[in-house]
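Please keep the structure in view while reading.

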Amino acid sequence: MRRMSVFPHHGTALGTLGLTANEIRQEVENKTSELVSDLVNLSAGGRFQAIRSLPMSFNERKTIRNRVNSVKLSKTILPADCRQQVSRSFRRFRGSLASARQHLVVWQGTLKEIGGRFGTSVLSYFLFLKWLLKFNLFSLLINFCFITIPQIVHAPNISSVTGFRGLELLTGGGYFNQTVLFYGGYNGEVIVSTPAYNMQLAYFFTIAAYLVLCGVSLIYSMSRSFQNNFVLETGPVSGGAWRLLCSWDFSVVNEKAIQYNKNNLGIQLKESLSERLLEKNKTSLSDRIKRVSLHLLAWLLSLGLALGSGAGIYFLGTKELTINFDHDPNDLTAEASTLLLPVVVSLINLIVPLLYSLISKMESYSNPRTQIYISIIRNVVLKMSLLGILCFYWLNSVPNNISCWESFVGQSVYRLLIIDFIFCLLGIFFGEFLRNVIGTMCIQSLGVPEFDIARNVLDLIYAQTLAWIGIYFSPLLPVMQVFKLFIIFYLKKISLSMNCQPPKHTGRAAQIQTVFIALLFFPSFVGTLSMVAFTVWRLKPSDQCGPFQGLKTPFYTIFNWIDSIQDPPETKWVWWIFENVLRSELFYYLITLIILVITFFLWQITQGRKQLIKTLREQIVNEGKDKVFLLNKLQTIQKQRREMASYIPQDFDQTPHFNTNWMNTLPFDM
């Protein structure tokens, strides 16, 4: 539909159109009247959508709407169209609810400010932090409601005789040793009520339900993020054209951030062009061998640092276990010595990534994005190897030497979280604030530090992995994680505004967010789930503390519960399902077969869509060639017409004349 407000100007040769200006306006008015009459016959919802979809300006659509409303009012007997008024009222109410919901969202305005000043890449870090905060709030809510409150109200298990001295805030021992903060503060009694409340089942099913919901949420978020946001690096969307035409972040409104984005875009274009030149210049075989050898050496050094760090942590843990597992509860020196292991772990997480940065500079990758991903992989290997060594130490050495070993593991995870939080605060002060002061006042060649998105996100993933590991041994550990995330959010926001600039080398924000969720799922969540499952199925619980004392494994509480509901007829169907379905190998074989069949069908659908995408891309290329051909043809025709018009006299009479000698022009000799 063409715009109805576009009229020929007075200087236009209307005689060539065959219509005067008044006739054109009358024609447009007739078309408008027909449009109004068509809109009047529609329903209220259809009329609203039709007016919104008109290819007109806002004022023109408003005029059309007013005319439609006036015609509707003239045709109705009532003073107003009740249906229209009700629909409009509902729309306004829905809009007000949406506005109120946006105001209730945590950090909504702050996140918009960060996105407007620093772009979507930096914003993805804060969105990821907010997402983790939701996980921990949900964990805190269900653990506190279903485990902690029943334990405190009906069956208190506090037997601590040590007074509060303040050091417990760092170590988690002393006064906190027998509180509901850790595993040892709970017992497995059945609370007498209507109905009876079994603390063993409550503890087991609450932790299991939280981990299952976390896994489902991670898988769903990862699949949706990959489906909606991840863009493949192959095809017409990559390269300099994409960067030049489609990579600008329109959410940025700050002038300084706009200048940063301009400079970063120029750097990325230069890098893209240099990469293409390197691809065209074929390297010799000797250069390739040197490059591969350098990469292998770098990877050997990186893996050696990770393995050496893990071995040192295991040796330090076993040494600490032989010295401090039987110390006096009132001995502050022995209690403070338990902070040595988490301090060393945090120092390794701080120093070794700096060594990785030096190694990557020696490799001199031509593609900065490849360098970023390699750095992320190496840091993930380091952090997960440290956590793997610690889990092996906790599950292999600690149960044989500690009477209430579950509380000891919970206190160890608590100390790791607290020390990691302290090092995070020190990193904000020394790594960003002092670095900014030195770069702007003392050594100006250093400049303003960049906000390292990858390093900060990996720190969040490391802390969340610790929180997941400790959820079984310390049900209230999410309290510390929520407190930590709140403080880090505001401190990082202030430091970002005062001390940092957006990073120069970043991938697309959608890809970054997808990679973050994938790393959080594997190996973080999968490793945590494996550790908790091994603890529940294989390890014998402590005989002196905890809700599962006296059982062979914590999972035996399910067998005891099933045996107790076998006799009553109203619950016998539960026992039948457990015995004949859940404990049957055939059931799991069928589930596995169904999953494999569904996976095969989804894989076939994916292959078909890939082929369709490939065909559509080929069609886009062919249509581009057709457009180029038609444009060249049109230019040729226009050039020919201009050349012909140059030979036509400027002044000529357009009035047709009758030639009386027209008979002489006919070829009679044909």
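A charge is taken to sit over a ring if NZ of Lys or CZ of Arg is within 6 Å of the ring centre and within 35 degrees of the ring normal. By this criterion Arg378 lies over the face of Trp299, at 4.5 Å from the ring centre. Lys383 is placed over the face of Tyr462, at 5.2 Å from the ring centre.

The model is predicted: local features need pLDDT of at least 70, side-chain atom pairs count only at pLDDT 80 or more, and totals for chains, interfaces and linings use all residues. Residues are numbered from 1 along each chain as its sequence is written, and side-chain values use heavy atoms, with hydrogens and water left out.

Rings of Phe, Tyr and Trp (its six-membered ring) pair if their centres lie within 6.5 Å; planes under 30 degrees apart count as stacked, over 60 as edge-to-face and the rest as tilted. Trp131 and Phe135 are both buried, that is, under 20% relative accessible area, with exposed over 50% and partly exposed in between (1.4 Å probe, protein chains only).

Phe555 and Phe559 also form an edge-to-face pair, at 5.4 Å centre to centre and 85° between the planes. Phe555 counts as buried because its relative accessibility is 16%, whereas Phe559, at 21%, counts as partly exposed. Phe555 and Phe559 belong to one aromatic cluster, together with Phe204, Phe205, Trp537, Tyr556, Trp561 and Phe578.
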